[in-house]
Amino acid sequence: MAPTPSVLAVNGSLRVESYTRTALRYVLRAAEDADAETTLLDLREYDLPVYDPDVDDRNQGDAREVKRLVREADAVALGTPVYHGSYSGALKNFHDYCGFDEYEDTTVGLLATAGGGSYGSTLDHLRITVRGVHGWVLPHQVGIRNASSRFRADPDAIDGRAFREDDLRERVEKLGRMLVEYASIDPDVTTPRTTDADADD
């Protein structure tokens with residue numbers, strides 16, 4: 001029997017009423033429905049001083065715990081609000097603590113929530129930084145435009161919020177399912193096509 005995959009979602013928003021957090025909880029619920037164990041790492045609840053490479057992790061708040069959670073996860077979802085066309089400072093600071101030991105060959109999914117209509121550069125920046133520490137980023141990613149208008153009040157829904165549009169909810173839930181499906185992928189770049197090409201050289 002295959003081991004149960006673990007999926008970690010990192011919320012890069014510090015707002016109390018965070019749309020990013022709500023969307024990530026939908027991701028995690030879909031992952032749970034796909035038989036994964038899930039954890040929400042809400043940066044609002046952790047003490048992470050501004051990263052200083054000259055200070056030992058033991059003296060930087062919850063740094064060791066945060067790194068452990070990422071290192072032990074089979075797949076990680078990174079969620080952020082869009083700030084000035086990129087991702088939040090809170091998520092950047094978290095990212096600075098984590099390196100190859102945490103992300104090497106780990107499946108990573110990306111989600112961004114925008115107050116307006118643009119999120120493309122935010123997802124691009126996240127993809128580049130994750131690849132920089134050898135994470136394997138899913139092709140499927142989620143951007144939510146005008147996030148405050150994408151939810152409606154529903155006391156029975158996650159965080160009391162339901163998606164107004166079924167197709168958007170389905171895209172968010174697909175991210176959770178794909179994190180589980182590809183949690184144990186071996187990101188080997190060797191394919192039959194490249195092997196055949198090498199053989200012809």
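Hi everyone, let me start with the aromatic rings: Tyr 19, Tyr 26, Phe 151 and Phe 163 are linked into a cluster by ring pairs. One caution before I go on: this is a predicted model. The count of aromatic pairs comes to five.

Take Tyr 19 and Phe 151. Their ring centres are 5.7 Å apart and their planes meet at 20°, so this pair is stacked. It links distant parts of the chain, since Tyr 19 sits in helix α1, residues 19–33, while Phe 151 is in strand β7, 132 residues apart.

Phe 151 is in β7 and Phe 163 in strand β8, residues 161–163, so the pair ties together parts twelve residues apart in sequence. And are these two phenylalanines, Phe 151 and Phe 163, buried or exposed? Both are buried; for Phe 151 the relative accessibility is 5%, and buried means under 20%, so Phe 151 qualifies.

Now let me step back to the whole chain. The protein has seven helices and eight strands. For 201 residues, a compact globule would have a radius of gyration near 17 Å, and the protein has 17 Å, so the two agree. The C-alpha trace spans about 60 × 45 × 40 Å along the principal axes. Of the 201 residues, 46% count as buried. If we take contacts with a separation of 6 or more, 73% of them come from residues 24 or more positions apart.

Let's go inside. In soluble globular proteins, nonpolar side chains tend to be buried together. Here, the largest nonpolar core has 29 residues, and the members touching the most other members are Leu 8, Val 10, Leu 41, Leu 78, Leu 91, Phe 94 and Tyr 103. Which elements give two or more residues to this core? They are β1 (6–11), α2 (63–72), β3 (75–81), α3 (89–97), β4 (107–113) and α5 (120–132). The largest share, four residues, is from α2.

Leaving out residues up to four places away in sequence, Leu 41 touches Leu 8, Ala 9, Val 10, Asn 11, Tyr 46, Val 66, Leu 69 and Phe 94. Apart from this core lies another, of 28 residues, and among them are Tyr 26, Ala 31, Phe 163 and Met 178.

Next, a residue in strand β2, which covers residues 37–42: Thr 38. With 22% relative accessibility, Thr 38 counts as partly exposed. Setting aside residues up to four places away in sequence, Thr 38 touches Val 7, Leu 28, Ala 31 and Glu 32. The side chains of Thr 38 and Glu 32 are joined by a polar contact of 2.6 Å. Thr 38 and Ser 6 are 32 residues apart in sequence, yet their C-alpha atoms are 5.7 Å apart in space.

His 134, in the loop between α5 and β5 (136–137), has a phi near 65°, a positive value in a residue other than glycine. His 134 is partly exposed, at a relative accessible area of 36%. Asn 146 is in the loop between β6 (142–144) and β7 (151–153), and its phi is near 45°, again positive in a residue other than glycine. At 31% relative accessibility, Asn 146 counts as partly exposed.

How values were computed
Residues numbered from 1 in each chain as written. Predicted model: local features only at pLDDT ≥ 70, side-chain atom pairs only at ≥ 80, totals over all residues. Heavy atoms only, no water. Core = buried A, V, L, I, M, F, W, Y, C linked by side-chain atoms within 4.5 Å. Buried < 20%, exposed > 50% of the residue type's maximum accessible area, 1.4 Å probe, protein only. Contact = heavy atoms within 4.5 Å. Polar contact = N/O pair within 3.5 Å; in protein donor to acceptor, adjacent residues only side chain to side chain. Phe/Tyr/Trp six-rings, centres within 6.5 Å; stacked < 30°, edge-to-face > 60°. Rg over C-alpha atoms; globule rule 2.2 N^0.38 Å.
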